[in-house]
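Please take a moment with the sequence and the model shown below before reading on.

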Amino acid sequence: MQQTSGKTRMFPEKDSQKLEKQNLNCQENPSTTCFREYLRIRTVHPQPDYDGAIHFLERIAEELGLACQKVEVHPGRVITILTWEGTNPRLRSIVLSSHTDVVPVFEECWSHNPFAAYKDADGNIYARGAQDMKCVTIQYIEAIRRLKASGKRFPRTVHLTLVPDEEIGGHNGMALFIERPEFQNLNVGFALDEGLASPTDNFTVFYGERCPWWITVTCEGNPGHGSRFIENTAAEKLNKVITSFLDFRKKEKERLNLEPGLTLGDVTTVNLTKVNGGVSYNVIPSELTVTFDLRISPAVDLEKFEEQVKSWCQAAGEGVTYKFHQKCMDKNLTSTDESDPWWKAFSGPFREMNLTLQPEIFPAATDIRYFRAAGFPAIGFSPMNRTPILLHDHDEFLNEGVFLRGIDIYCRVIASLASVSTLPTEN
């Protein structure tokens with residue numbers, strides 16, 4: 001029985017002993033069992049059990065004979081690094097990055113306990129983090145387990161970086177880590193991080209991201225009694241601001257729908273996320289605020305776009321100002337040209353397996369943007385095709401067969417990347 005938002009929710013699989021018995025009876029694939037164990041660690045905001053995740057990862061490191069380093073970048077925020085040293089550690093390394101935290105849930109909207117990792121008769125594993133992105137973490141781990149068990153060694157060192165707080169911007173996680181000497185010591189050459197599921201046969205792969213801007217606009221105006229026609233109110237100015245932002249949103253939506261070949265990552269989205277203000281039902285407020293979440297296409301001139309935002313505020317009247325809570329200005333893209341040695345090493349295994357990659361701009365934001373901003377080539381990828389996109393959604397799930405196939409894919413991809421020949425810049 002789970003208490004959620006004042007409601008009581010009954011889950012048939014709530015008994016943990018019954019769950020473990022189910023695992024034993026069905027002789028589950030050990031990789032799946034490891035995945036489900038990780039899913040049950042409640043690394044959910046606002047109070048993620050990071051210690052539980054770290055202990056789990058330390059145990060994995062010991063099992064696989066991987067070096068394990070912990071770097072506290074902020075009080076209570078630890079980066080865990082698992083390292084498989086290459087035969088030529090002077091070469092630049094491969095970084096397999098993933099985050100340990102997951103977003104909150106509304107348990108009354110779930111069919112199964114979101115932290116029980118329930119597996120149904122079709123092999124669908126329901127849990128928060130099943131797609132975003134605990135699956136990728138375990139696929140990295142299980143791929144390395146298989147490669148090591150088969151006696152494989154590669155020239156390049158492989159690092160797994162397991163980071164906190166990605167779901168709330170990464171400001172106390174990867175953003176701090178990338179500035180530290182421990183990150184510099186990784187000697188990064190190329191990085192992988194999360195992507196998205198694909199409902200089609202193709203695998204989406206992301207070579208860039210839109211720039212996330214979170215903007216709060218404050219509108220000041222004349223206060224007064226709610227029974228009067230007060231001039232120049234905050235509400236009138238707020239209305240003009242909202243209209244300007246949402247008119248632009250409408251045009252971008254139309255462009256996405258009408259121009260062939262565009263994906264969500266190629267346009268700019270605008271969404272109103274918060275409105276605040278007012279003191280009483282019968283008092284006209286002197287100040288109102290509105291917050292927008294913008295995800296700006298890398299094709300946009302960001303300085304000109306900010307001038308556009310400024311003009312919308314100025315057109316609304318005096319006393320209208322804005323501030324940023326997040327303002328990403330990095331538009332670096334990773335090459336997907338076949339002449340690029342990293343892209344060739346990443347994409348080659350897919351050609352060998354007759355699988356199709358679909359390169360796109362990632363529509364949201366992940367920790368991979370910090371790698372690109374620092375000048376490192378980086379790709380966002382999650383090996384989940386024929387799968388509905390359910391990150392942050394109710395009843396998030398991943399099919400066991402898709403999960404296990406992803407391990408096979410990573411075995412080939414990791415081997416290929418870690419075998420890239422010495423580059424001219426490494427001589």
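Residues are numbered from 1 along each chain as its sequence is written. Because the model is predicted, local features need pLDDT of at least 70 and side-chain atom pairs count only at pLDDT 80 or more, while totals for chains, interfaces and linings use all residues, and side-chain values use heavy atoms, with hydrogens and water left out.

Helices (H or I, at least four residues) and strands (E, at least two) are DSSP runs, numbered from the N terminus. In general, strands of a sheet pair through backbone hydrogen bonds, either parallel or antiparallel. Here, eight strands in the order S3-S4-S8-S5-S9-S18-S10-S17 make up an open sheet with mixed pairing, where two strands count as paired if DSSP finds at least two bridges between them. Strand S3 (67–74) and strand S17 (357–362) stand at the edges with a single partner strand each, so one side of each has no neighbour in the sheet. On average, neighbouring strands of this sheet are turned by 25° against each other, direction ignored.

Helix H3 (residues 50–64) lies across S3, S4 and strand S8 (158–163), at about 10° to S4. Helix H4 lies across S4, strand S5 (93–99), S8 and S9, and runs at about 140° to S5.

Asp132 sits in the loop between strand S7 (124–126) and helix H4 (134–149), while Glu194 belongs to the loop between strand S9 (188–193) and strand S10 (203–209). Asp132 is buried, with a relative accessible area of 4%, and Glu194 is buried too, at 5%; buried means under 20% relative accessible area, exposed over 50%, and partly exposed in between (1.4 Å probe, protein chains only). The side chain of Asp132 makes a polar contact with the side chain of His99 (3.2 Å), and the side chain of Glu194 likewise makes one with the side chain of His99 (3.2 Å). A polar contact is a pair of N or O atoms within 3.5 Å; within protein, one must be able to donate a hydrogen and the other to accept it, and residues adjacent in sequence count only if both atoms are side-chain atoms.

UniProt also lists Asp132, Glu167 and His392 for "binding site" (unreviewed entry). This set is spread over 261 residues of sequence, yet it clusters in space, the largest C-alpha distance being 10.0 Å. His392 lies in the loop between strand S18 (378–381) and strand S19 (397–399) and is partly exposed, with a relative accessible area of 42%. The side chain of His392 makes a polar contact with the side chain of Asp132 (3.0 Å).

Key: Axes fitted to C-alpha atoms, helices over the stretch in contact; angles between N-to-C directions. Contact = heavy atoms within 4.5 Å. UniProt positions renumbered as here; feature names shortened; annotations may be inferred.
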